[in-house]
Amino acid sequence: AWESNIEVRPTSMDLSRLWAKATIAALEERILVKPFEDEALRPAIVTLSMEHKIVSKFTSFVAVDKSTRLLAQRVTVVQPVESPHAWAMPQAMCSAVPQQMFGASMSASIAREGAPKPPPPVGG
């Protein structure tokens, strides 16, 4: 009979995570080919994703910064975003937001000419 001794050494590679990633990719691909299996495969994808901390089509992870800044002043950041379709920006916002973002010259331009009109809907 043939016999061999193998030395087992710890490794930093997490094979279970690699297996889970490949399995999730295969299951997501299967949904593309057979969309009617979506409801049956989704729980397996979510479970694997959560157990192995892998982002999938049905899961995502959020990082929460719990650090604090000592002796610092609070800073307000204006983050421009697109308005939902057919929503008008309140007139007060038309003058305040551009001035905060772009300075007084842009604010004056919008006050004179009004806020730019949104593009027409696609296909209509």
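Mentor: Let's start with a definition: helices (H or I, at least four residues) and strands (E, at least two) are DSSP runs, numbered from the N terminus. This is a predicted model, where local features need pLDDT of at least 70 and side-chain atom pairs count only at pLDDT 80 or more, while totals for chains, interfaces and linings use all residues. Residues are numbered from 1 along each chain as its sequence is written, and side-chain values use heavy atoms, with hydrogens and water left out.

Trainee: Thanks! How many helices and strands does that rule give in the protein?

Mentor: Four helices and zero strands, so the order from the N terminus is α-α-α-α by the DSSP runs.

Trainee: What makes Arg42 and Asp38 a salt bridge?

Mentor: A salt bridge is a side-chain nitrogen of Lys or Arg within 4 Å of a carboxyl oxygen of Asp or Glu. The closest N and O atoms of Arg42 and Asp38 are 3.1 Å apart, so the pair qualifies. Both residues lie in helix H2, four residues apart, which is about one turn of the helix.

Trainee: Why can such side chains pair at all?

Mentor: Side chains of opposite charge can pair when their charged atoms come close.

Trainee: Is Asp38 buried or exposed, and how do you know?

Mentor: Buried means under 20% relative accessible area, exposed over 50%, and partly exposed in between (1.4 Å probe, protein chains only). Asp38 has 17%, so it is buried. Arg42 has 37%, so its label is partly exposed.

Trainee: How many salt bridges are there by this rule?

Mentor: The count comes to two. Glu37 counts as buried because its relative accessibility is 15%, whereas Arg30, at 38%, counts as partly exposed.

Trainee: Which residues make up the largest nonpolar core, and what makes it a core?

Mentor: A nonpolar core is a set of buried Ala, Val, Leu, Ile, Met, Phe, Trp, Tyr and Cys residues joined through side-chain atoms within 4.5 Å. Ala20, Ile24, Leu27, Ile31, Leu41, Ile45, Leu48 and Ile54 make up the largest one, eight residues in all. H1 and H2 each supply at least two residues of this core, and H1 gives the most, with four.

Trainee: What does Ile54 touch?

Mentor: Contact means heavy atoms within 4.5 Å. Not counting residues up to four places away in sequence, Ile54 touches Arg17, Ala20, Lys21, Ile24, Ser49, Thr59 and Phe61.

Trainee: Why is His52 called buried?

Mentor: Its relative accessible area is 17%, so His52 falls under the cut-off for buried. His52 sits in helix H2 and, leaving aside its neighbours within four places in sequence, is in contact with Ser16, Arg17, Trp19 and Ala20.

Trainee: What makes Met13, Leu15 and Leu18 a patch?

Mentor: Patches are made of residues with over 30% relative accessible area and no salt bridge: like charges are joined within 9 Å, nonpolar side chains (Val, Leu, Ile, Met, Phe, Trp, Tyr) within 5 Å. Leu18, in helix H1, is partly exposed at 47%, so Leu18 passes the area cut-off. Together the three residues have about 320 Å² of accessible area, from the Shrake-Rupley method with a 1.4 Å probe, where for residues only the protein chains shown count as cover.
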